[in-house]
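Colleague: I would like to learn how to read a few features of a protein model. Could we go through them in turn?

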Amino acid sequence: MDTTDVSQQSGDRDRGGLDLTHRLLVQVPADRAGELWSVGDDDDGGLVVSGAGALTAASAGARGTTRPVLVDRRRYAGKNRPPGTVRFDISWIEGQRDLNTATVLTDSGYVGKGDHAALAAILEQTTRAGDNVCAVLPLHLSWLANPGVKHLIVEVNHHEVPVALVLEYGSDPLGTQYAVTGLKHLLSQARVPVSLLCTDISGLGAMAYGAAWAAVGVTSSLRHLYPASGTGPPFRALRPRHAIVPRLMTLMNAERIAEGWALVQRHDDVDESLWRCDCAECGNRTMDRFATCTDLSLAAHNVNILGDLHQQVTSPASWDQAISDALGWYVWMQNEYHLTWEPPAFMNAWLPKSRR
Ligand SMILES: [Zn+2]
């Protein structure tokens, strides 16, 4: 064994012992893991490599890194997804142990509406899968409404294994009040760590309300689970690119950001600062650059902004405040630019008008 192998093994050991609590992870597709490997490479971050090629991609990239790396097979996604009653693939579980991932994620099938057998099968298999295994629960959104959420709480507490939710919906799953209310209820009642995979800015809200960790996708398809019935994103010739506008706390299409920037260019007397970003990646450049920058630069910006928010949002009150501030900037935008763009649905779901 040469010295490189020794240091690699030492890195693997360090990585396996890492506590994931309060970490904001970045979820990347396996086929682009090499390109995006450096995103969010800081002390309280980590990476979730996703898809059928995730183990191979994670093996290639993880050697020597000391931050947490997880592997999500996403067998639950796509049109031919198996149900949650499908057996775990032992070699997939063992592959993660060999790689010494920070926790082992189960290669679960999908849990449809009212599919109690699928939910129980995943949790039961997880209890038998050994130490440090987290049950991935890809859920139809009705599991966050009554009576689904009550049953979910009973089941996870009964099986006593950590769980990571993947929420299925045609648009933002945490953009509806019932889902957010159900998630808050689950987080307050669960006696096991509850985390979120494949989420977006709402992952910070979930952590504020007690989620152990959250993984935010770098692409729309990794920010939630589209239904198999084909109500996914509308077809586009080009992959849509979304960047977070920091003050608006909104993942916005790069074309729309460019539209906002172009509008302020036509007037001399308006404050253009909303469309500049001073994160380490952007260096105060204007945000119209997101329409043409590299995917790596776009992802680095998004992760920087999420990292800043993560520092700021440490409690339900600070999450509410962050939403309230963003809504204030929407009002400012309307006054300053005469743009009446709707705030994203998650803001009203987490902070309904009645509580503002
Ligand atoms: Zn930036």
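This is a predicted model: local features need pLDDT of at least 70, side-chain atom pairs count only at pLDDT 80 or more; totals for chains, interfaces and linings use all residues.

Colleague: How far apart are the end C-alpha atoms of helix H9?

Modeller: Helices (H or I, at least four residues) and strands (E, at least two) are DSSP runs numbered from the N terminus. The expected span of a helix is 1.5 Å times one less than its number of residues. H9 has 12 residues, 254–265, so it should span 16 Å; its end C-alpha atoms are 17 Å apart, which agrees.

Colleague: Which residues of H9 are buried, and what covers them?

Modeller: Buried means under 20% relative accessible area, exposed over 50%, and partly exposed in between (1.4 Å probe, protein chains only). In H9 the buried residues are Ala254, Ile257, Gly260, Trp261, Leu263 and Val264. Their cover includes strands S9 (242–245) and S10 (250–253), as well as helix H11 (316–337).

Colleague: Which residue caps the N-terminal end of H9?

Modeller: A polar contact is a pair of N or O atoms within 3.5 Å; within protein, one must be able to donate a hydrogen and the other to accept it, and residues adjacent in sequence count only if both atoms are side-chain atoms. Here the cap is asparagine 253, with a side-chain oxygen 2.9 Å from the backbone nitrogen of glutamate 255.

Colleague: Is arginine 67 buried or exposed?

Modeller: Arginine 67 has a relative accessible area of 4%, so it counts as buried. Its place is in the loop between helix H3 (54–62) and strand S3 (69–72). A polar atom of the arginine 67 side chain lies 3.0 Å from the backbone oxygen of valine 39.

Colleague: With which residues is glycine 45 in contact?

Modeller: Contact means heavy atoms within 4.5 Å. Leaving aside neighbours within four places in sequence, glycine 45 touches Arg23, Leu24, Leu25, Gly40 and Pro68. Glycine 45 is in the loop between helix H2 (33–36) and strand S2 (47–50), and is buried at 3% relative accessible area.

Colleague: How many cavities are there of 30 Å³ or more?

Modeller: Rolling a probe the size of a water molecule over the atoms shows where empty space is left. On a 1 Å grid over the protein atoms alone, a cavity is a set of points where a 1.4 Å probe fits but cannot get out, and a pocket is an open set with protein on both sides within 12 Å along at least five of seven lines; lining residues have an atom within 4 Å of a point. Grid points are joined across faces, edges and corners, and a volume is the space filled by probe spheres set on the points. The count is three cavities of 30 Å³ or more. The largest cavity has a volume of about 150 Å³, and 14 residues line it, with Arg32, Val218, Thr219, Pro240 and Leu298 nearest its centre.

Colleague: What lines the second largest pocket?

Modeller: The second largest pocket holds about 350 Å³ of space. Its lining has 19 residues, with Pro246, Arg247, Ile305, Gln312 and Trp329 closest to the centre.

Note on methods: Residues are numbered from 1 along each chain as its sequence is written. Side-chain values use heavy atoms; hydrogens and water are left out.
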